[in-house]
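Open the model in your viewer and keep the selection tool at hand. We will go from stop to stop, picking a few residues each time.

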Amino acid sequence: MEQIAETRLILLERLKGLENKAEILKSPELKQLFGAIPTVEASKRGEFGKLINALRNELEDIVSKNLDQTTEVLRPIDVTAPFDINSSLPNLIPSSQGTMHPLTREITKIVDIFGRMGFVAEESREIDDQYHMFESLNFPKGHPARDDYDTFMTVETDADGDQFIAPAHTSTMQNRTLIKYRDNLENREPIAAIVPDRVFRNEDLDARHEHTFYQVEGIYVDRGVHAGMLVATLQKFLEEYYGQKLEVRVNPFYFPFTEPSFEFALSCPFCDNGCNVCSNSKWIELLGCGMIHPNVLRSAKIDPNEYTGFAFGCGIDRLVMMKTGIEDIRHFQSGKLDFLRQF
């Protein structure tokens, strides 16, 4: 009987420190008491068993009362809502322990330069439809130039049954931007906009090719716009970005959405007589550009007989690699701290 009394005191004391009071009913001490019943003299066995059951009932009552006191009705939560709707914000690492990603830093500079030249900045999309990726840019269905983009397609389709795509160029925003700022032309103001954002292509990865990268699209539309204005705009931007005078040249090329189209090259900003960056040619082919095709203007309900414009698209990663001497484009997406800490 003394064993039961001692066990009771031990269990009651232990209950005070238990968050889940029900755990006391599974305690080894209580199991040992029940296991000891067969070892007790036959004449005392009945009383011994009653005391053990009384102790168990006492513990069950305490557990039951505790549950009644702590049970509360929890408010429902919206499992689709952002985490901060249902809980407090986590403790975030202070910004002093981080740095700006080199691409983010350079995109800010690019936007600033073009902003001082009168261009507004627009954002692109990470999922888009094929009309804005191809058809609004003079790529009709079945056009072989569509194959050059190695586009990522989704399983989901639009109302016409065409698969949605991950944009392979920021030119997907050209039609939307022309429509958005079309009233500028009626007010005798130009349409001048850039779209710096992320794009995706099904590339074979190497030091100069990545499936995810950044591109800046630029468009300018007004009365009397000509190719000389395109060349001057790009030359001024690149000289401002690299901080030095540069020679530029254009070579004929083909893009469905511009006519005429050009490949734009600049004199190597890192050498005078040839180096590894320019493959000892002293010239670097940097971007594609041209005069906006009349069909692209028509798709935005802009009269090509009254207005002309130019467009260009440039890989931001390549600009940054050249400026900072980065040898492998894959570093940008790697998340390697030893690379990021250099910036």
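This is a predicted model: local features need pLDDT of at least 70, side-chain atom pairs count only at pLDDT 80 or more; totals for chains, interfaces and linings use all residues.

**Stop 1: H1 and H2**

Select residues 2-15, helix H1, and residues 28-35, helix H2. Their axes lie 10 Å apart, and the packing angle is about 160 degrees. Angles over 145 degrees count as roughly antiparallel. H1 and H2 are therefore roughly antiparallel to each other. Their crossing is left-handed.

Now show side chains. On H1, pick Gln3, Ile4, Thr7, Leu11 and Arg14. On H2, pick Glu29, Leu30 and Leu33. These residues make the contact between the two helices. Colour them by type: four are nonpolar, two are polar and two are charged.

**Stop 2: H5 and H9**

Next, select residues 102-116 for helix H5 and residues 227-242 for helix H9. How far apart are the axes of H5 and H9? They are 10 Å apart, and the helices pack at an angle of about 135 degrees. That angle makes H5 oblique to H9. Here the crossing is right-handed.

Show the side chains at this contact. H5 supplies Glu106, Ile110, Ile113, Phe114 and Arg116. H9 supplies Thr233, Phe237, Glu240 and Tyr241. Sort the contact residues of H5 and H9 by type, and you get five nonpolar, one polar and three charged.

**Stop 3**

Switch to strands and select residues 283-292, which form E8. Is E8 largely enclosed or largely open? Eight of its ten residues are buried, so E8 is largely enclosed by the rest of the structure.

To see where they face each other, pick Thr258 and find Ile292 of E8 opposite.

Select Cys289 and look for Phe312 in E9, its bridge partner.

**Stop 4: helix H11 and what follows**

Finish with residues 316-324, helix H11. Which residues of H11 are buried? Select Ile316, Asp317, Leu319, Val320, Met321 and Met322 to see them. Now step past the end of the helix. H11 is followed by Gly325. Check the backbone of Gly325: its phi is positive, near 75 degrees.

Methods
Residues are numbered from 1 along each chain as its sequence is written. Side-chain values use heavy atoms; hydrogens and water are left out. Axes are lines fitted to C-alpha atoms, for helices over the stretch in contact, and angles run from 0 to 180 degrees between N-to-C directions. Helices (H or I, at least four residues) and strands (E, at least two) are DSSP runs, numbered from the N terminus. Angles under 35 degrees count as roughly parallel, over 145 as roughly antiparallel, 65 to 115 as roughly perpendicular and the rest as oblique. A crossing is left-handed if the near helix is turned anticlockwise from the far one by less than a right angle, and right-handed if clockwise. Contact means heavy atoms within 4.5 Å. Ala, Val, Leu, Ile, Met, Phe, Trp, Tyr, Cys and Pro count as nonpolar, Asp, Glu, Lys and Arg as charged, and the others, Gly among them, as polar. Buried means under 20% relative accessible area, exposed over 50%, partly exposed in between (1.4 Å probe, protein chains only). Two strands pair if DSSP finds at least two bridges between them.
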